[in-house]
2 protein chains.
Amino acid sequence: MDDIEIPESHPRYESLLTRHRIEAGVEKGITSQQGLIAQGRGEAYDYLLGEETIDTADEAARAAAAHLLLADHAVLSVNGNAAALVPGELVELAEATGADVEVNLFNRTEERMEAIAEHLREHGAEDVLGLEADGRIPGLDHERAKVDADGIGDADVVLVPLEDGDRAEALAAMGKTELVIDLNPLSRSAQTATVPIVDNIIRAVPTITAHARELQDASRDELEGITDSFDREAALAAAEDAIRGGRLD
Amino acid sequence: MDDIEIPESHPRYESLLTRHRIEAGVEKGITSQQGLIAQGRGEAYDYLLGEETIDTADEAARAAAAHLLLADHAVLSVNGNAAALVPGELVELAEATGADVEVNLFNRTEERMEAIAEHLREHGAEDVLGLEADGRIPGLDHERAKVDADGIGDADVVLVPLEDGDRAEALAAMGKTELVIDLNPLSRSAQTATVPIVDNIIRAVPTITAHARELQDASRDELEGITDSFDREAALAAAEDAIRGGRLD
C-alpha cells in the first residue's frame, strides 16, 4: 500500500500523505515533472481555500455522484497525478458507481501508460482501459486525442480529475457530461465542466464515493432532481470567493 | 546558455523561459522534486498576482539594493531553484553590489552542492561559497544549519530567495538583515524579512540589479534614506491585496 504510518488525526495528515504518494509516484514513473509542478499549483490554491471541502464542493460531489449513477456508460479518466494520489479511492468510486477506469495522459508514453495501469491494478482495478487507444477526440493533437473507443469514446459521462483545459474543452464539445475536479475555479477545465468540483482530489474522490453509496438506492427521479438543481455558476463563484477570502498564512 | 530561442516579446516568454530552465535544472541534478512542487506553488501565486512586478515589490527591490550596497558583507544565498532559474542574473547582482554568492540547500547533498556551484561558475561566478560548511546557524538541524563561516556566517546582509520558513527565522534571529524573495506575502519567510520582495524571482533579481546599478554612486545618506523609508508592513499588505484581487483566469 502507499500509506504512511501516521494517525489520520495528525494535523498535517493529508499533506504528508499527499507528499508521500507523489514521491512514490515519481519513483514508479507515474508522476511526471509537469505533474510535480501541477501538484505545487494545487497546493497553493488549496492553501488559499483553507484546505477544506467547502459546502458547494460537497454539493458538486453529490451532483457528480448522481450523474455517475444515472449514466449509461460512465468513465473515470485517470492521469498520472490522479493515479499517484488516489489509486485505491478511484477504484472504490468505480465500484460504487459501475464506472469504467481509463488511463488518459497529457504526455502519453507507453511506459507511463503501463506503469499507471499496473499501479491501478495493484490497488484493485480489474479492467483498466486506455491502452487500446483505438478512438480519437476530435480537435486535439494526435497523441493527446487518443482514447479507447469503447471507453471514453463511448461514454456519456466522464469524470476528468486534474485535466488540461484543451482536452476538457474537446470532451465537452463532444457533448459528454463532464465532471471535473480542479482547485482553480476559473481554469478552463472548471469553466467547461457540467459539474466543476473545486476541491483537492484527495478529499473529492472519497466524497463522491460517499454520496454515490448513499444514493445507490435512489430513484431516477431523485437523482435527476439532484443533477438538475446543481448550480454550476453559483458553485464556481462560491469557490472563487473562498479562495479570495481564504487564509494566506 | 540556458536560454531558449523565442523573442522576449512573446506573451508567454517568461513562463516558457521558466519552464525551460527548471527542466534543465532537473536534468543537471540542481532542481529537486520538492523544488518542482515549490515552483508550482509559485506559479499559482504569481498567476494571482497578475504575473507582474507590483509597485511595492519594485520599492522593496530598491530597498534591497540599498541594503546590499550599504552592507559590510553581503551574501546572496542560492538554493536549487534560484540556481536553476536565475544563475546568470544572480552573478550580475553579485557583481553590481560586491556581494558573495553562497550555495545553501534545504536538502543538502554534496552532489547537489557541487552541481549547483558548477552551474553558477558556468554562468560567470568566480568564487562560490557554501562548500566549506564550517559555520552553523543556531537553532536548526545539523544538515540545514550548515553555512560557510566566512560567508553567511559572517554576513550582515543576506539575500535569501525562495527560502524555507525555519531557516529564514533562524537567520533573522542571528540579527542579520534579511532580504527575502517570496511570492507568498504571508509565508514565514516573507513575514520574517527585513525586506520582503513579493515577486517572481525571475523578475525580482534583475530588478534589484537595475536599482543597484542606478544607486552605485549614491551617498550613504541617500541609501539609508531608502532603507529607512521602506515600509515592510505596507508592502506585505499591498501584495496580499494584489493576490486577493488578482485575476484567477
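Analyst: In this predicted model, Tyr45(A), Leu48(A) and Leu49(A) of α2(A) meet Ala239(A), Ala242(A) and Ile243(A) of α12(A), where contact means heavy atoms within 4.5 Å. Helices are DSSP runs (H or I, at least four residues), strands are runs of E (at least two), and both are numbered from the N terminus. By class, this contact has six nonpolar, no polar and no charged residues; Ala, Val, Leu, Ile, Met, Phe, Trp, Tyr, Cys and Pro count as nonpolar, Asp, Glu, Lys and Arg as charged, and the others, Gly among them, as polar.

The model being predicted, local features need pLDDT of at least 70 and side-chain atom pairs pLDDT 80 or more, while totals for chains, interfaces and linings use all residues. Residues are numbered from 1 along each chain as its sequence is written, chains are lettered from A and ligands numbered from 1 in the order in which they are written, and side-chain values use heavy atoms, with hydrogens and water left out.

User: Why are α1(A) and α2(A) called roughly antiparallel?

Analyst: The axes of α1 (residues 13-27) of chain A and α2(A) come within 12 Å and cross at roughly 170 degrees. That angle puts α1(A) and α2(A) in the roughly antiparallel class. Glu14(A), Thr18(A), Arg19(A), Ile22(A) and Val26(A) of α1(A) touch Leu36(A), Gln39(A), Glu43(A) and Asp46(A) of α2(A). The residues of this contact divide into three nonpolar, two polar and four charged.

User: Why are α3(A) and α10(A) called oblique?

Analyst: α3 (residues 55-70) and α10 (residues 201-214) of chain A have axes that come within 8 Å and cross at roughly 55 degrees. The helices α3(A) and α10(A) are therefore oblique to each other. Among the residues in the contact are Asp58(A) and Ala61(A) of α3(A) and Thr207(A) and His211(A) of α10(A).

User: Why are β3 and β8 of chain A said to stand at the edges?

Analyst: The open sheet of six strands in chain A has the order β3-β2-β1-β6-β7-β8, with parallel pairing. β3 (128-129) and β8 (195-197) of chain A each have a single partner strand, so one side of each is left without a neighbour in the sheet.

User: How do you know that β2(A) pairs with β3(A)?

Analyst: Two strands pair if DSSP finds at least two bridges between them. Two bridges join β2 (residues 100-103) of chain A to β3(A). Val101(A) stands opposite Val128(A) in β3(A).

User: What makes the relation of chain A to chain B that of a two-fold axis?

Analyst: Chain A can be laid on chain B with an RMSD of 0.0 Å by a turn of 180 degrees and a shift of 0.0 Å along the axis. That is the relation of a two-fold axis. Copies are superposed by least squares on the C-alpha atoms of residues with pLDDT of at least 70 in both.

Definitions and conventions: Axes are lines fitted to C-alpha atoms, for helices over the stretch in contact, and angles run from 0 to 180 degrees between N-to-C directions. Angles under 35 degrees count as roughly parallel, over 145 as roughly antiparallel, 65 to 115 as roughly perpendicular and the rest as oblique.
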